[in-house]
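Morning, everyone. Please have a look at the model on the screen, and then I'll walk you through it.

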Amino acid sequence: MHKREVVEAIKSYVRAANYISAIQVYLKDNFLLERELKADDIKPRLLGHWGTCPGINFVYANLNNLTNKYKLNLMFVLGPGHGFPALQANLFIEGTLKEFYKEAQINKKGLSYISKNFSWPGGFPSHSNPGAPGVILEGGELGYSLSTSYGAVLDNPDLIVACLIGDGEAETGATATAWHLNKLVDPISNGIVLPILHLNGYKISGPTIYGRMGDKELKELFSGYGYECFIVEEPNIYESMIDTLETCYKKIKDIKNSKNAFNKLPMIILRSPKGWTGIKQLHGEKLEDNCLSHQVIAKDARINKDDLLALETWFRSYKFNSLFDLKKGFNKEINSIIPKNKIGMNKHTYAWKNYKKLKLPSVTKFYHRLNRPGANNSSSMIKSGEYLSEVFKLNKNFRLFSPDETYSNKLDAVFKNTKRSFLLPLEKWDRDFARNGKVIEMLSEHSLQGLAQGYVLTGRHSIFASYEAFIEVVSSMADQYEKFLRVSRKIKWRKDIPSFNYILTSSGWRQEHNGFSHQNPKFITGMLEKPLGLSKVYFPADANTSLLVLQECLKSKNRINIIVAGKTNEFNWLDLGLATKELKKGLMIWDFASDNNPDVVFCSIGDYLTKEALAAISYLKTIAPDVRIRLVNILELSSIGIGNKSKLSLKEFEYYFTKDKPVIFNYHGYPNDIKSMLFNYKNLDRFFVNGYIEHGSTTTPFDMHVMNKTDRFNLVINALELLVKSGKLKKEDSDRLIEIFKEKLRKHHQYIIENGIDMDEIIDWKWKKY
C-alpha cells in the first residue's frame, strides 16, 4: 500500500474505534444512530473514561499496521486501564473478542452487545480485566504497566511488548523505577519493550507533570534513563507515527544483532489532546484538551437537551455508517491494516499456552537426616538456596526476583548455576553478575512485583524473595494481583497458570540488629484476609520442612504462596517423613513433645515461635512433671480456617485442641490473625494468643520475644496461671513457680544491658526428651 493509503486506512480505523469507545460509555440503544438520538437511548448511569481512549485507539491502529507489515510477535500492554472502552473497541474490530464471546460478532448485533453491556451489571467492567482477551494487567491502580511488560519479555527473545503508559501513571513511584529495568533486562537474550508515553496533558482535575515539560527536557530525562526518545505530535501526527514506529522497529532489529554491552532502547512520546475528536466546548467550558474530558462529558444527556444534542453531533461526526456494514462489518480499508496474527491473540498473553511444569529436584538430596528432634541445625534459607540452584540448572522457565538481598537472605547458592543480570559497566570486584543472569535484583519492590507478574502471567515460574517487613511496600499490588487471579477463576477460557510465590525472610524476630523499622508482619495479615483460599501462607518450623514447602509451592498452580522462614541456623525438628505428613494436613501434633490427654495445649506457628514453645514445654516438664502437655504445630494457616473458612471440622479441631483445655498460641504475626479465626469455635475464653504486638527495638534476639511476650519464660507463666484456673495446680505452687520465671526475666533484662548479648541459658538451650 502507498503511504497515503495507509494513513487513510489508519484514520478510518481510529474513527471507528473512537465511535465504538464512545457509544460503549453512553448508549443502551440506537447504537448505529439509525434515528434521532433520544434521552431513552442513554444509559441511566454513565460510567467510564473517555479522555484517554482516542490516544489508545491511535496507538493500537498504528501497532496493527506495523504488526501486519512485518508479521510481528507483538503484545500490547495498556497502563491506563480506565481506557478499557478503547481496548474493548480494538478487540472487537480486529475480531479477537468474538473468539471468546460468541455474541460479539462483527455485525450490528455484536456492536449492540458490547455497547449495551459495557459498565452494566453482569456485563463488562469499566476497566481492563481478566475477562478481556490478551490482558495481563488490569491497570485500575496505576503504575505497573512498564514493569509488567519487562516481565513478559524475559526469556521470550522474539517478543516485542508495546507498553502504553499514561502521563498520570508516569507520575507514580512504581513507573519511575521501572524505567531502569532496561539496565537489567538483556534485549538480546530476552524480548524488547517499546515504551509509549502518552502525554494527553491532564489527570482528573489538572495538568500532568510530564505534559507540561518541554520536548528538550523530556528527551534529556529519558536519554539519561537509557532510552532514545522520539516525539510524535501534530502537525502530521499520523504520518509521524507511521515513520516513528518504522524507525523504532529498525532500531529494535539492530539492537537484537548488536554486541554492545548496553544499547539505548527506543521509546515514543505521543502528544495528543485529552478527549481528542470529542466535544470541543459545552456550557462555555473547554472540554477537548482539558481535564474535563477525563471521564464522562455531556453527562446530563438524559435530562439536558443541549447535552443530548452535543452528544449526537459528536457521534455523527465519525460517520461510522461509512465504515461499518450492518452484516459484513468493517470496510476493506480498515481490514487492510488488521494483521492475521492479531495483537489481542498474542500467544504470550494466554499463559496456559506457554505453561510447562518445572523439573524439580528431589528434596532428599538437601535435607538433614535426624536421629532425634533438635539433633542438628541448619538455615532454611541456605537449604532453599541450594534447592533453587538445582531448579535453575534443570529449567529455563524460572526466575528469582529480589531486592539487593540474595546474599543477605542467604539464598546465594543459586549463583552456582546462574548470575545476577546487569548491563551497565562492572568493576573487577563485582561478583556474580552477567548480562543474561536469571536473578534480577533491584531496590524497588514495585518493579520486582511487576516483573514477577508479567513473567507468571505469560506462563513461567518465579520466586519473589524479600525482607518480610518491606514486602508490605507492594501490598496493594499483591491485592490487585489476587483480584485478577480470583476473577480469572470465573473465566472459563482462562486455564491453569503457575502460582505466584513469595519467600519472606529476615523476619522481625531476627531484626533485633536493625531495629523497629525492620519489624512488620502485616503483609501476611492482608493476604490471609482474602476469600476463596487463593493465598496460602506457610510457616515451616525448620529447614527440612522449608524444603518440602518450597517444592510444593513450585509445583502448585493458580495460587499465591507465601513462605515465611528465617535465615539463621536453627534446630531441625522433623525428619522428612513427619514433615511430609504435616505438609499434607497443614498441622500436626508433635508427639515427641506431647502427652496423651493434655492439661494444656501449646500451638506454635513459625520457626522462632516454635523454638520458644518447645523451650517453655521443657521448663514446664522440669518444674511440674505431672502436668500433661500437647504441642500442635501449624504449618499452613488455611488448615485451621484462616483464608479458607471451613478447612477443619469442629470434630477435627477438637482432635487437635481438645474440647475444653486451655490453648496457648505462639504466633509469628499479629495475634488478631488467629483471634479472627477462633470466632468459629466454642469456649473462646480458653484460647490465648501471643504474637507480634508492635514492640521492638535494636536489642537481642531473645529480647524481641520478651518484649512481645512470646518468649519461653512468659509462656511458662501463662501456662502456670491457666493450670491454676483449671485446678491442675495449687495457687501457692503456681505463685512460687511464677516468681522463679519472673526472676529469670529480671535477670535477662539486667544481663543484656550489661553484656549486650543473651544469657548462656538462652544461647545454649537444647531440646531434651523428657
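First, the ground rules. This is a predicted model, so local features need pLDDT of at least 70 and side-chain atom pairs count only at pLDDT 80 or more, while totals for chains, interfaces and linings use all residues. Residues are numbered from 1 along each chain as its sequence is written, and side-chain values use heavy atoms, with hydrogens and water left out.

Now the sheet. Strands here are DSSP runs of E, at least two residues; helices are runs of H or I, at least four; both are numbered from the N terminus. Two strands pair if DSSP finds at least two bridges between them.

Look at strand 2, residues 160–166, and strand 3, residues 192–199. They pair in the parallel sense over seven bridges. Cys-163 stands opposite Pro-195 in strand 3.

Stay with strand 3. Between that strand and helix 7 (215–224) runs a loop, and Asn-200 is in it. Is Asn-200 buried or exposed? It is buried, because its relative accessible area is 4%, and buried means under 20% (1.4 Å probe, protein chains only). Contact means heavy atoms within 4.5 Å. Leaving aside neighbours within four places in sequence, Asn-200 has contacts that include Gly-51, Thr-52, Asp-167 and Asp-289. Ser-272, Pro-273 and Lys-274 are also among them.

Next, Gly-55, in helix 2 (residues 53–70). Gly-55 is buried too, with a relative accessible area of 2%. Beyond its neighbours within four places in sequence, Gly-55 touches His-198, Leu-270 and Ser-272. Gly-83 is 28 residues away from Gly-55 along the chain, and their C-alpha atoms are separated by 9.4 Å.

Last, the cores. A nonpolar core is a set of buried Ala, Val, Leu, Ile, Met, Phe, Trp, Tyr and Cys residues joined through side-chain atoms within 4.5 Å. The largest one has 185 residues. Which members touch the most others? Phe-76, Phe-315, Phe-657 and Phe-665. Helix 1 (residues 3–26) gives this core its largest share, 14 residues. A second, separate core holds 72 residues, including Leu-550 and Met-759.

Back to Phe-657. Its contacts, leaving aside neighbours within four places in sequence, include Leu-587, Val-601, Ile-634 and Phe-665. Arg-630 and Arg-686 are also among them.

Conventions:
Buried < 20%, exposed > 50% of the residue type's maximum accessible area, 1.4 Å probe, protein only.
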